[in-house]
Amino acid sequence: MGSATERADVLILGGGFSGLACAVRLAQEGRRVIVLEKSPRAGGRARSWREPGSELDVDNGQHLFMGCYRATRRFLKTIGTEDRLEIYPEVEVDYAEPGGRRDRLSCPSWLPAPLHLAAGLLGLSGVTWREKAGLLAFDQALKALKRGPVPDGVERQTVRQWLTGLGLSRNFQTRFFDPAAIGILNDSPEVASAAGFVQALRVMFFTGRESSRFGLARTGLSELYVDAAREFVEKRGGRVVSGAKAAELIEESGRVRGAVTDQGARYEAEHVVSALPPWDLKKMSLPAALRGPWEELLAAPIVGATLRLDRPVMTERFVGLLGAETHWVFNKTRIHGLNESGQTLSVVISGAHTAVAWSPEKILETTSRDLAACLPEFAQAKVLTAKVVKEPFATLSPVPGAEARRPDPGSGMPGFLFAGDWTRTGLPATIESACVAGETVAERIIRG
Ligand SMILES: Cc1cc2nc3c(=O)[nH]c(=O)nc-3n(C[C@H](O)[C@H](O)[C@H](O)COP(=O)(O)OP(=O)(O)OC[C@H]3O[C@@H](n4cnc5c(N)ncnc54)[C@H](O)[C@@H]3O)c2cc1C
């Protein structure tokens, strides 16, 4: 490959949500940006593709958005795709368990936040009134943690320890808090620190009704943001270079000046932003000043499958499965507004440290068994096609101690800034954290 140097105002490593949100904000301000993306297509851990013969784009795993994803929604609005994300007005979650028993969290729309959530929790049928009395201590604890960094004493506890310490019964935890925690944190309550859970819950509970709404993309994830973000950047003179794996940072006189790819292509810029996950960034040849405790951060896997069925088996948009190895099932036919006689489902096993090692056949066997146990109609259905996706490095594993290892977005060294979902945004490492980090870093560069 050529050895000519290409120059930009800002060089961004990584074309996921974070890198693209950063690139778009900078391009909006007239900065020339180059994004280096190692894969043939950008999108990173939130991407989609079309399987031959299918009319549905398959995501690398189902992604749930929230009303409180404000930076994400700003990003989508800027690139003109906000209408591809549907935020539902009602705050409702259905649960199913083996034997077909159902429960529902239904938060009345006429109540302000956080009363609507409290009312929803009080309405759960599988939790006794005595158990629900535990909500008082929970509410007080959360109010005390409403703002600012989560104290070390909470960060050191797992979700299980924190909830149990507040007097919430195991049954209440299993029926509401555990599915929420594993969905948000992608690790089991026994493993995940309470810090990320607190960070997410306080935004959902205390920043307005809109914040606790759920949202899903009506399109594949790449159509939601990747293609439009690339177009936005390229129309303003920037470039998103695919198949360009950054291998080494260029450092001169204590300042990062650019990066070189594994093919020897050289890029120079005033600022270099890393929007790579920690496990990829640490593989690069880096200046010693950038090495640090962040290199010890670990990943948690997610395993998912898209199943095309010969008949509909559920009407809801999504259902949480209680007492099953599969955590959530999403109704892609309804979410994407597909016109099909059967139904397409997307199933998710979060914190899948064990399942990630299973064969696709075993994953399908397990999810099919869970679906048949929880959704009786599934037992009659025929699976026409199935696509299993394993993401061994899906999210940051939010174990106690991880929070202190997350560098602040925008920190780094002269000429170099950390971004990515895993930086310390005050949020769990999610899409919103990725966009907050990308936006924060862009603003820092814009302000100079
Ligand atoms: C299956 C699954 C389900 C999820 N569900 C949810 C959910 O429901 N809600 C939610 O909010 N979040 C969810 N997440 C997390 C969410 O996808 C991530 O938080 C977000 O996409 C991270 O974006 P990012 O830009 O920080 O990192 P990434 O998306 O990882 O982007 C980094 C990019 O850098 C590229 N790269 C790596 N190394 C190099 C290199 N050396 N040179 C150049 N490029 C490189 C990668 O290919 C990648 O494109 C889920 C993740 C997965 C995998």
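**Domain 1 against domain 2**

I looked up the contacts first: 16 residues of domain 1 touch 14 residues of domain 2, where contact means heavy atoms within 4.5 Å. The model is predicted; local features need pLDDT of at least 70, side-chain atom pairs count only at pLDDT 80 or more, and totals for chains, interfaces and linings use all residues. I number residues from 1 along each chain as its sequence is written, and side-chain values use heavy atoms, with hydrogens and water left out.

I noted the bounds next. Domain 1 takes 5-48 + 220-296 + 401-447, domain 2 takes 50-66 + 299-396, and domain 3 takes 105-210. These bounds come from an automatic or database domain assignment. The C-alpha centres of domain 1 and domain 2 are 31 Å apart.

I then checked the area. Interface size is often given as the accessible area lost when the parts come together. Domain 1 and domain 2 bury about 1,200 Å² between them, with 64% of it on carbon and sulfur atoms. That buried area is the accessible area (1.4 Å probe) that the two parts lose on being put together, summed over both.

The side chains of E391 and R47 form a salt bridge at 3.0 Å, N to O.

I also count six residue pairs in polar contact between domain 1 and domain 2, both residues at pLDDT 80 or more. A polar contact is a pair of N or O atoms within 3.5 Å; within protein, one must be able to donate a hydrogen and the other to accept it, and residues adjacent in sequence count only if both atoms are side-chain atoms.

On the side of domain 1 that touches domain 2, α10 (221-235) and α11 (278-281) are the elements giving two or more residues. The largest share, three residues, comes from α10. Helices (H or I, at least four residues) and strands (E, at least two) are DSSP runs, numbered from the N terminus.

**Ligand**

Which residues come nearest to the ligand? I list E37, R45, L64, Y69 and D421, of 36 residues around the ligand; a residue counts as near if one of its heavy atoms lies within 4 Å. A ligand oxygen is 2.7 Å from an N or O atom in the side chain of Y69. For the side chain of D421, the distance from a ligand oxygen to an N or O atom is 2.7 Å. I431 has a polar backbone atom 3.0 Å from a ligand oxygen.

**Whole-structure checks**

My search of the whole structure gives 39 salt bridges. One of them pairs the side chains of R218 and E86 at 3.1 Å, N to O. R218 lies in the loop between β9 (214-217) and α10, and E86 in strand β6 (residues 85-87), so the pair ties together parts 132 residues apart in sequence.

**Backbone**

Most residues other than glycine have a negative phi, and most peptide bonds are trans. A113 and P114 are joined by a cis peptide bond, with omega about 0°. I place P114 in the loop between β8 (102-107) and α3 (115-122). N186 has a positive phi, near 55°. N186 sits in the loop between α8 (170-185) and α9 (194-206).

Notes. A salt bridge is a side-chain nitrogen of Lys or Arg within 4 Å of a carboxyl oxygen of Asp or Glu.
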